[in-house]
Amino acid sequence: MNPFWENELVQTAAYYSVVVLCMVVFMSIFELVTKYKNWDEIQKGNLAVAMTTGGKIFGIANIFRFSIEQHNSLFEMIGWGCYGFFLMLLGYFIYEFLTPKFRIDEEIEKDNRAVGFISMVISVGLSYVIGSNI
C-alpha cells in the first residue's frame, strides 16, 4: 500500500474529517426528528436545548472515540460509528416513549432545564454503553 496513506498524520486527518462529516450528518438527523430547531433555540438562549444538543454532540463523539480505538480500518470505524449512532437515536425514541406524562421535545422547547439536563445525561451515558459494546 502507498506509504502516504500509512502515515499517522494522514490517518489522523482522515479519521478526524470523517467523524466531523458524520457528526454534521447525525446532528442534521437529530434536527429532523425533534420538534424544535436546535440552533434557533440555542440562539434564543434556550439552555435546555443547549444541554440536550451538547449531550448529543458529546455522545456522538464518544461513540466514534470507541469505534476508532476498536477498529483498524476507516470503513469499519465508520460502520460501527453509524451503528452506534442508530442505537443512540433509538435510545432517544425510547426515552420519549417512556415518559407518557409529558412530551420531552415540548418541555425542552419550553426551556425546562431539568428535562434538558436529563436528556444530556442520557445521551452521554448511552454513548459509554454503546461505545463499550462496539
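Which residues of α5 are buried? In this predicted model, they are Met 77, Gly 81, Gly 84, Phe 85, Met 88, Leu 89, Gly 91, Tyr 92, Tyr 95 and Glu 96. The close-ups below start with that helix and then move to its surroundings.

**View 1. Helix α5 and what covers it.** Helix α5 runs over residues 74–97. The cover over its buried residues includes α2, α4, α6 (104–109) and α7 (113–133).

**View 2. Helix α4 crosses helix α5.** Here the axes of α4 and α5 come within 9 Å and cross at roughly 145°. The crossing is right-handed. On the α4 side, look for Gly 55, Lys 56, Gly 59, Ile 60, Ile 63, Phe 64, Ser 67 and Ile 68. Their partners in α5 are Glu 76, Met 77, Ile 78, Trp 80, Gly 81, Cys 82, Gly 84, Phe 85, Met 88 and Tyr 92. Sorted by class, this contact has eleven nonpolar, five polar and two charged residues. Several α5 residues in the contact are also on the buried list, among them Met 77, Gly 81 and Phe 85.

**View 3. Helix α2 crosses helix α4.** Helix α2 (residues 8–33) and helix α4 (residues 47–70) have axes that come within 10 Å and cross at roughly 140°. The two helices are therefore oblique to each other, and their crossing is right-handed. From α2, the residues that meet α4 are Tyr 15, Val 19, Cys 22, Met 23, Phe 26, Met 27 and Phe 30. They face Thr 53, Lys 56, Ile 57, Ile 60, Ala 61, Phe 64 and Ile 68 in α4. By class, the α2–α4 contact has twelve nonpolar, one polar and one charged residues. Lys 56, Ile 60, Phe 64 and Ile 68 meet α2 here and also take part in the contact with α5.

**View 4. Asn 62, a buried residue of helix α4.** Asn 62 sits in α4 and counts as buried because its relative accessibility is 5%. Setting aside residues up to four places away in sequence, Asn 62 touches Ser 127 and Tyr 128. Between Asn 62 and Gly 81 there are 9.5 Å in space, C-alpha to C-alpha, with the two 19 residues apart in sequence.

**View 5. Ser 73, in the loop between α4 and α5.** Ser 73 is found in the loop that joins these helices. Its relative accessibility of 26% makes Ser 73 partly exposed. Ser 73 and Tyr 15 are 58 residues apart in sequence, yet their C-alpha atoms are 9.6 Å apart in space.

**View 6. Glu 96, a buried residue of helix α5.** Glu 96 belongs to α5 and is buried, with a relative accessible area of 11%. Leaving out neighbours within four places in sequence, Glu 96 is in contact with Arg 103, Ile 104 and Asp 105.

**View 7. Asp 111 and its positive phi.** Most residues other than glycine have a negative phi. Asp 111 is not a glycine, but its phi is positive, at about 65°. You will find Asp 111 in the loop between α6 and α7, where it is partly exposed, with a relative accessible area of 24%.

Definitions and conventions. Residues are numbered from 1 along each chain as its sequence is written. This is a predicted model: local features need pLDDT of at least 70, side-chain atom pairs count only at pLDDT 80 or more; totals for chains, interfaces and linings use all residues. Side-chain values use heavy atoms; hydrogens and water are left out. Axes are lines fitted to C-alpha atoms, for helices over the stretch in contact, and angles run from 0 to 180 degrees between N-to-C directions. Helices (H or I, at least four residues) and strands (E, at least two) are DSSP runs, numbered from the N terminus. Angles under 35 degrees count as roughly parallel, over 145 as roughly antiparallel, 65 to 115 as roughly perpendicular and the rest as oblique. A crossing is left-handed if the near helix is turned anticlockwise from the far one by less than a right angle, and right-handed if clockwise. Contact means heavy atoms within 4.5 Å. Ala, Val, Leu, Ile, Met, Phe, Trp, Tyr, Cys and Pro count as nonpolar, Asp, Glu, Lys and Arg as charged, and the others, Gly among them, as polar. Buried means under 20% relative accessible area, exposed over 50%, partly exposed in between (1.4 Å probe, protein chains only).
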